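Here is a brisk report on one chain. Look over the sequence and the model before reading on.

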Amino acid sequence: MASKAIRRRIHHGDVDGGRNEHMETSGLESLSEPLLGSYNDDRIGNEKNDDRSQQDLWDDEKKQQIHWTFLFSQLIAQWAQWLANFILSSGSFLGRLLPPIGSQNGHGSNNNSIILSPLQEERLRNLRQRLEVPFDGTRPDHQDALKLLWRLAYPDRELPPLKSELWKEMGWQGADPSTDFRGGGFISLENLIYFAKNYPESFQRLLHKRDGKRAEWEYPFAVAGVNISFVLAQMLDLQSGKPTSIAGKRFLELLGDDEMAFDNLYCVAFQMMDAQWLAKRASYMEFNEVLKSTRTQLERELALEDVSRVVDLPAYNLLHH
């Protein structure tokens, strides 16, 4: 069974920081509305001045590198998708000669039968167990994980109380971060910690919005991370018995190669989302649109024939350790 914690649609009421429950679950539904609630931050006026200062310090060469790397990866994915459609078309001569994506493992793209190795079965089972754990602000181990995230994000700053206005600086929408976890569960906190530990440079650049010309009203970093965990689990079809989508099937291959494939894919998705944000010159109210386009782009890259590991994804090149 899929996680109760991830099976809740995130909507305005879920993440506005106005309720104090630590645990809440519901059914997973398709995304059809903005994923972020009202983000009322008294620091907005100050952040405008900070944005100008950051923009003055922006390195043009680095900006162009990120921009062109993103466009190049998008072009590759679109070209590969076109080629795959051509090969798989019923009247195509090449389609009769070449196997469709996924047939290397004994299944075609339209075949719901998936044969998993014992290793894949075990890793998928472990991942689903992680997805079933809701965030509980009363559990000491969950509190410790939240404290660890702060120390990783701000190693030179004093740890604030678990309820403090300082948490808003990380991108939580209220003084109590526990109210923002309902959509993604405890795994979304684990994903953020993994990102900070394994790709610290990228984590810090995204946290502090160091890249590109930023909007005056930016997306909140931490809550965006919770949303990405939710969307990624949904995209990979992890709530079903066995994934039937192309992205879900390809993920099972990645899981066979890497036990932490979900966490690494999360890091790629977060970096890709920020690149989409900059390319679209988006602002806060467009976050949902950016997240959906990020999902589309990630699905395209997962459909590439030569992707057998997370590091094979074109967008992986955007990450920095």
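## Surface and burial

The accessible surface of the chain comes to about 14900 Å². Carbon and sulfur atoms hold 50% of that surface. The model is a predicted one. Of its 321 residues, 50% count as buried.

## Fold

The chain has 11 helices and 0 strands. Read along the sequence, the pattern is α-α-α-α-α-α-α-α-α-α-α. Contacts reach across the sequence. Among those between residues at least 6 apart, 71% join residues at least 24 apart.

## Two loop residues with positive phi

K209 sits in the loop between α7 (200–207) and α8 (221–235). Its phi is positive, about 55 degrees, although K209 is not a glycine. K209 counts as buried because its relative accessibility is 10%, and the cut-off for buried is under 20%.

R281 lies in the loop between α10 (261–279) and α11 (287–302). R281 is not a glycine either, yet has a positive phi of about 50 degrees. Is R281 buried or exposed? R281 counts as exposed, because its relative accessibility is 76% and exposed means over 50%.

## Salt bridges

Side chains of opposite charge can pair when their charged atoms come close. A search of the whole structure finds 12 salt bridges. K209 takes part in a network of them, linked with R214, E218 and D274.

- D141 and R139 meet at 2.7 Å. D141 is partly exposed at 36% relative accessibility, and R139 is partly exposed at 34%.
- K168 and E165 meet at 2.8 Å. K168 is buried, with a relative accessible area of 13%.
- R309 and D312 meet at 3.3 Å. R309 is partly exposed at 38% relative accessibility, and D312 is partly exposed at 25%.

## A buried glutamate without a salt bridge

E301 is in helix α11. E301 is buried, yet has no salt bridge. Which side chain of opposite charge is nearest to E301? That side chain is R300, and it is 9.0 Å away.

What does the side chain of E301 reach instead? The E301 side chain reaches the backbone nitrogen of A315, at 3.0 Å.

Note on methods:
Residues are numbered from 1 along each chain as its sequence is written. This is a predicted model: local features need pLDDT of at least 70, side-chain atom pairs count only at pLDDT 80 or more; totals for chains, interfaces and linings use all residues. Side-chain values use heavy atoms; hydrogens and water are left out. Helices (H or I, at least four residues) and strands (E, at least two) are DSSP runs, numbered from the N terminus. Buried means under 20% relative accessible area, exposed over 50%, partly exposed in between (1.4 Å probe, protein chains only). Contact means heavy atoms within 4.5 Å. Accessible areas come from the Shrake-Rupley method with a 1.4 Å probe; for residues, only the protein chains shown count as cover. Lys and Arg count as positive and Asp and Glu as negative; His and the chain ends are not counted. A salt bridge is a side-chain nitrogen of Lys or Arg within 4 Å of a carboxyl oxygen of Asp or Glu. A polar contact is a pair of N or O atoms within 3.5 Å; within protein, one must be able to donate a hydrogen and the other to accept it, and residues adjacent in sequence count only if both atoms are side-chain atoms.
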